[in-house]
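Subject: A structure to look through

Dear colleague,

I am handing over a structure that I would like you to read slowly, with the sequence beside it. My notes follow directly below it.

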Amino acid sequence: MSGYEMRQVMERSTANFWTESYGQIYPALGERRLRAWLGVESKPQVERNELLLKVFFGDQALRGAIAAQVVAERERREEDVERYEASLLRMETEFARHPAMPYWRMTVRYGMAKAHAVIAWCDETFAELEKRGLVSKASFY
């Protein structure tokens with residue numbers, strides 16, 4: 001597969017959680033290097049999350065600002081779930097017998113699980129803001 005073809009496949013498959021530029025793909029081409037890399041333990045990464053940073057400093061925000069961002073995040077994650085479900089259905093229809101399908105399914109299910117977890121957190125966070133009188137559900141829903 002050429003670097004261009006790899007990039008096209010990534011846009012249809014791993015773009016939900018990993019993207020690479022052509023400058024990153026071409027040097028990495030080669031099955032031996034890929035297999036070697038797959039055997040190396042993944043390094044933990046600190047997630048950078050602007051929403052969480054804003055929530056952390058939420059006591060300094062204007063009334064309703066944090067709640068609005070939480071609602072928007074929930075909506076984005078609901079869209080993510082829909083996209084993941086459609087992607088999984090398409091993959092299972094088009095590639096049902098592909099030997100990599102179980103691994104592809106695992107990665108999509110991770111995205112779905114993470115999106116569902118964030119949706120639950122958004123609901124919990126909004127309820128906490130509402131309980132403290134910092135927002136009313138009627139102003140957002």
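Leaving aside its neighbours within four places in sequence, which residues is Val-70 in contact with? Contact here means heavy atoms within 4.5 Å, and with those neighbours set aside Val-70 is in contact with Leu-51, Trp-121, Cys-122, Thr-125 and Phe-126.

Before going further, please keep in mind that this is a predicted model, in which local features need pLDDT of at least 70 and side-chain atom pairs count only at pLDDT 80 or more, while totals for chains, interfaces and linings use all residues. Residues are numbered from 1 along each chain as its sequence is written, and side-chain values use heavy atoms, with hydrogens and water left out.

The cores

Val-70 also belongs to the largest nonpolar core, which has nine residues: Ile-66, Ala-67, Val-70, Val-71, Val-118, Cys-122, Phe-126, Leu-129 and Val-135. A nonpolar core is a set of buried Ala, Val, Leu, Ile, Met, Phe, Trp, Tyr and Cys residues joined through side-chain atoms within 4.5 Å, and buried means under 20% relative accessible area, with exposed over 50% and partly exposed in between (1.4 Å probe, protein chains only). The elements that give two or more residues to this core are H5 and H6, where helices (H or I, at least four residues) are DSSP runs numbered from the N terminus. A second, separate core has six residues, among them Tyr-84, Leu-88, Met-91 and Val-108.

Helix H6 and what follows

Helix H6 covers residues 101–131, and its 31 residues should span 45 Å at 1.5 Å a residue, which agrees with its end C-alpha atoms being 45 Å apart; the expected span is 1.5 Å times one less than the number of residues. The buried residues of H6, including Met-101, Val-108, Gly-111, Met-112 and Ala-115, pack against helix H5 (65–94).

Arg-105 also has its place in helix H6, but at 32% relative accessibility it counts as partly exposed. Apart from its neighbours within four places in sequence, Arg-105 is in contact with Leu-88, Met-91 and Glu-92, and the C-alpha atoms of Arg-105 and Met-91, which are 14 residues apart along the chain, are separated by 8.2 Å.

Just after H6, Gly-133 takes a positive phi of about 75 degrees. Ser-136 is found in the segment after H6 and is partly exposed, with a relative accessible area of 35%. If residues up to four places away in sequence are not counted, Ser-136 touches Phe-126 and Glu-130. The C-alpha atoms of Ser-136 and Ala-67 are separated by 9.2 Å, although these residues are 69 residues apart along the chain.

Salt bridges

Side chains of opposite charge can pair when their charged atoms come close. A salt bridge is counted when a side-chain nitrogen of Lys or Arg is within 4 Å of a carboxyl oxygen of Asp or Glu, and by this rule the count comes to nine salt bridges.

In helix H5, Glu-73 and Arg-77 lie four residues apart, about one turn of the helix, and they form a salt bridge whose closest N and O atoms are 2.8 Å apart. Glu-73 counts as buried at 11% relative accessibility, and Arg-77 counts as buried at 17%. Arg-83 and Asp-80 meet in a salt bridge as well (3.0 Å, N to O), and being three residues apart in helix H5 they are separated by about one helical turn. Here Asp-80 counts as buried at 16% relative accessibility, whereas Arg-83 is partly exposed at 37%.

In helix H4 (residues 50–56), Glu-50 and Lys-54 are four residues apart and so are separated by about one helical turn; their salt bridge has its closest N and O atoms 3.2 Å apart. Glu-50 counts as exposed at 54% relative accessibility, while Lys-54 counts as partly exposed at 33%. An α-helix has 3.6 residues a turn, so residues three or four places apart point the same way.

With best wishes
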